[in-house]
Amino acid sequence: MTEQELAVKIVELTGGTENISTVRHCATRLRIVVTDTEKLQTREIENLDRVKGSFFNSGQYQIILGTGLVNRVYDEVIKI
């Protein structure tokens, strides 16, 4: 799965662009704030190839991607 394909799937499984308030990243995690947590498909996100896990912290849904990959996926997410 390419970074672009992974970004598209993450956006879809978090409820689409209309459900994403903000998206940021740190060294290893994609940090997404959503408006409706009921639209999150966390199990499906965690089962995506190259996703190492996910969790909620401080109102952010954080998807663990790893160093380097997170930067490339973030660059693709913000294009959507």
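Where is the place of Thr14? Thr14 has its place in the loop between α1 and β1. The legends below describe close-up views of a predicted model.

**View 1. Thr14 in the loop between α1 and β1.**
Thr14 counts as buried, at 0% relative accessibility. Leaving aside neighbours within four places in sequence, Thr14 is in contact with Asn19, Ile20, Ile32, Val34, Lys39, Leu40, Ile45 and Tyr61. Gly15, which follows α1, has a positive phi near 100 degrees.

**View 2. The open sheet of four strands.**
In which order do the strands of the open sheet lie? The order is β1-β2-β4-β3, and the pairing is antiparallel. The edge strands are β1 (20-25) and β3 (53-57), each of which pairs on one side only. On average, and with direction ignored, neighbouring strands of this sheet are turned by 20 degrees against each other. Helix α3 (residues 69-77) packs on the sheet, where α3 touches β1 and β2 (29-34). The direction of α3 makes about 150 degrees with that of β1.

**View 3. Strand β4 and its pairing with β2 and β3.**
Strand β4 covers residues 60-64 and pairs with β3 in the antiparallel sense over five bridges. Two residue pairs can be picked out between these strands: Phe55 stands opposite Gln62 in β4, and Asn57 stands opposite Gln60 in β4. How many bridges join β2 to β4? Four bridges join these strands, which run antiparallel. On this side, the bridge partner of Arg29 in β4 is Ile64.

**View 4. The hairpin of β3 and β4.**
This hairpin has two residues between the strands. Ser58 lies in the loop between β3 and β4 and has a positive phi of about 55 degrees although it is not a glycine. Is Ser58 buried or exposed? Ser58 is exposed, because its relative accessible area is 68% and the cut-off for exposed is over 50%.

**View 5. The aromatic pair of Phe56 and Tyr61.**
A search of the whole structure finds one aromatic pair. The pair is formed by Phe56 and Tyr61. A pair of aromatic rings is described by the distance of the centres and the angle of the planes. For Phe56 and Tyr61 the distance is 5.3 Å centre to centre and the angle between the planes is 45 degrees, and the pair is tilted.

**View 6. Helix α1 against helix α3.**
Two packed helices are described by the angle between their axes and the distance between the axes. Helix α1 (residues 3-13) and α3 pack at an angle of about 65 degrees, and their axes are 8 Å apart. The crossing of α1 and α3 is right-handed. Which residues make the contact? From α1 they are Glu3, Gln4, Leu6, Ala7, Ile10 and Val11, and from α3 they are Leu69, Arg72, Val73, Glu76 and Val77. Seven residues of this contact are nonpolar, one is polar and three are charged.

**View 7. The buried residues of α1.**
In α1, the residues Leu6, Ala7, Ile10, Val11 and Leu13 are buried. An α-helix has 3.6 residues a turn, so residues three or four places apart point the same way. The buried residues of α1 pack against β1, β2, α2, β4 and α3.

**View 8. Thr2, in the segment before α1.**
Thr2 is partly exposed, with a relative accessible area of 38%. Thr2 and Glu18 are 16 residues apart in sequence, and in space they are 23 Å apart, C-alpha to C-alpha.

**View 9. Arg50, in the loop between α2 (42-46) and β3.**
Arg50 has a positive phi of about 85 degrees, although Arg50 is not a glycine. Arg50 is partly exposed, with a relative accessible area of 30%.

Terms used: Residues numbered from 1 in each chain as written. Predicted model: local features only at pLDDT ≥ 70, side-chain atom pairs only at ≥ 80, totals over all residues. Heavy atoms only, no water. Pairing = 2+ DSSP bridges. Axes fitted to C-alpha atoms, helices over the stretch in contact; angles between N-to-C directions. Contact = heavy atoms within 4.5 Å. Phe/Tyr/Trp six-rings, centres within 6.5 Å; stacked < 30°, edge-to-face > 60°. Left-handed = near helix turned anticlockwise from the far one by under 90°. Nonpolar A, V, L, I, M, F, W, Y, C, P; charged D, E, K, R; others polar. Buried < 20%, exposed > 50% of the residue type's maximum accessible area, 1.4 Å probe, protein only.
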